[in-house]
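Please look over the chain shown below, and then read on for a report on how its parts are arranged.

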Amino acid sequence: MGTSKGYIAPTTIPWSQAKRAVTGYINNGDDDSRAKAASKFAAAMNHDIASSSAFSQAVGNVLSFSQSVSRGGFSNALRDFGRDDLIGKSSEEIYQSLIHEFTNNGSTTEDYLAAEAISLALQELDIHDMEKVNEVSSDVLLKEMIIEYTKLSFAFRYEEKISMKRTPAETKNLIVKMNKYISNKLHTELDLSSLKYVDFNKMNSSEIVTTALKDAYHMFELYYGEA
């Protein structure tokens, strides 16, 4: 997805720094400017971590549902989440219904980003049936959803800005390069293995996700610090 037309970034210091760093990336397009843009963007996102609460809540529900499937089977998991009505429905209907429920039907921008991130992560992990969501460990699933959310969040905020100074092909190339950088860095450096056996119950799952998301942003901030 691209940016929201007319999106106006906050004017706080972290977001102003991110804007300048992204401008540098647009102008130069090299590895150094890309890393700096990612660093400042991550710092701004971390500063406003509360704005990602919809993502944390939705992902927490996915992880809680996955563990519920492992504990008592798919039908019992649906019952645990109050979705007895989905028992016996097609895999596609169950998949879409649960994603929509976990993300409030995409009613806000952040809900929509969460829905897209979850769907893309499940596709990346070759999970097309919620009955099989528990076949991937919680830490791997969480990392993939964080990666997709981070990529989508950057594109949402800056694709329009990039396109104002670059051709469509150049814009796509800059976004793709940033996506690869985000994906490679988090796949390599973000260690969530300690969460493999954590109990993602409905009461604390969103807090655990928020902590992991902050850890992910910190990976980028470490690259430049205050530079």
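Alanine 58 counts as buried because its relative accessibility is 0%, where buried means under 20% relative accessible area, exposed means over 50%, and partly exposed covers what lies in between, with a 1.4 Å probe and protein chains only. Alanine 58 is placed in helix H3, helices being DSSP runs of H or I with at least four residues and strands being runs of E with at least two, numbered from the N terminus. This is a predicted model, in which local features need pLDDT of at least 70 and side-chain atom pairs count only at pLDDT 80 or more, while totals for chains, interfaces and linings use all residues. Residues are numbered from 1 along each chain as its sequence is written, and side-chain values use heavy atoms, with hydrogens and water left out.

When residues up to four places away in sequence are not counted, alanine 58 touches Phe102, Thr103, Ala114 and Ile118, a contact being heavy atoms within 4.5 Å.

## The chain as a whole

The chain contains 9 helices and 0 strands. Its radius of gyration is 18 Å, close to the 17 Å that the globule rule gives for 227 residues, so the chain is as compact as a globular protein of that length; the radius is taken over C-alpha atoms, and the rule is 2.2 Å times the number of residues to the power 0.38. Along its principal axes, the C-alpha trace spans about 55 × 35 × 30 Å.

Of the 227 residues, 50% count as buried. Among contacts between residues at least 6 apart in sequence, 75% join residues that are at least 24 apart.

## Helix H3

Helix H3 covers residues 53-72, and its 20 residues reach 28 Å from the first C-alpha to the last, close to the 28 Å expected, the expected span being 1.5 Å times one less than the number of residues. The helix is mostly covered, with 15 of its 20 residues buried. Just after H3, glycine 73 takes a positive phi of about 90 degrees.

Glutamine 67 also belongs to H3, and it counts as buried because its relative accessibility is 10%. Leaving out residues up to four places away in sequence, glutamine 67 touches Ser138, Val198, Asp199 and Phe200.

The 26 residues of H7 should span 38 Å at 1.5 Å a residue, and its end C-alpha atoms are 37 Å apart, which agrees. Because 22 of its 26 residues are buried, H7 is largely enclosed by the rest of the structure.

The largest nonpolar core has 71 residues, of which Phe55, Phe65, Leu122, Leu142, Met145, Ile146 and Leu186 touch the most other members; such a core is a set of buried Ala, Val, Leu, Ile, Met, Phe, Trp, Tyr and Cys residues joined through side-chain atoms within 4.5 Å. Helix H7 (residues 138-163) gives the most to this core, with 11 residues. Isoleucine 146, leaving aside its neighbours within four places in sequence, is in contact with Phe55, Leu186, Leu192, Ala212, Leu213 and Ala216.

## Aromatic pairs

The structure holds 10 aromatic pairs, in which rings of Phe, Tyr and Trp (its six-membered ring) have centres within 6.5 Å, with planes under 30 degrees apart counted as stacked, over 60 as edge-to-face and the rest as tilted. Phenylalanine 55 and tyrosine 149 form a stacked pair, at 4.1 Å centre to centre and 15 degrees between the planes. Since phenylalanine 55 lies in helix H3 and tyrosine 149 in helix H7, the pair ties together parts that are 94 residues apart in sequence. Phenylalanine 55 is buried, with a relative accessible area of 0%, and tyrosine 149 counts as buried at 0% relative accessibility.

Ring pairs also link Trp15, Phe41, Phe154 and Tyr158 into a cluster.

## The loop between H5 and H6

Asparagine 104 lies in the loop between H5 and helix H6 (109-124) and has a positive phi of about 55 degrees although it is not a glycine. Asparagine 105, placed in the loop between H5 and H6, has a positive phi of about 60 degrees and is likewise not a glycine. Asparagine 104 is partly exposed, with a relative accessible area of 45%, whereas asparagine 105 is exposed, with 63%.
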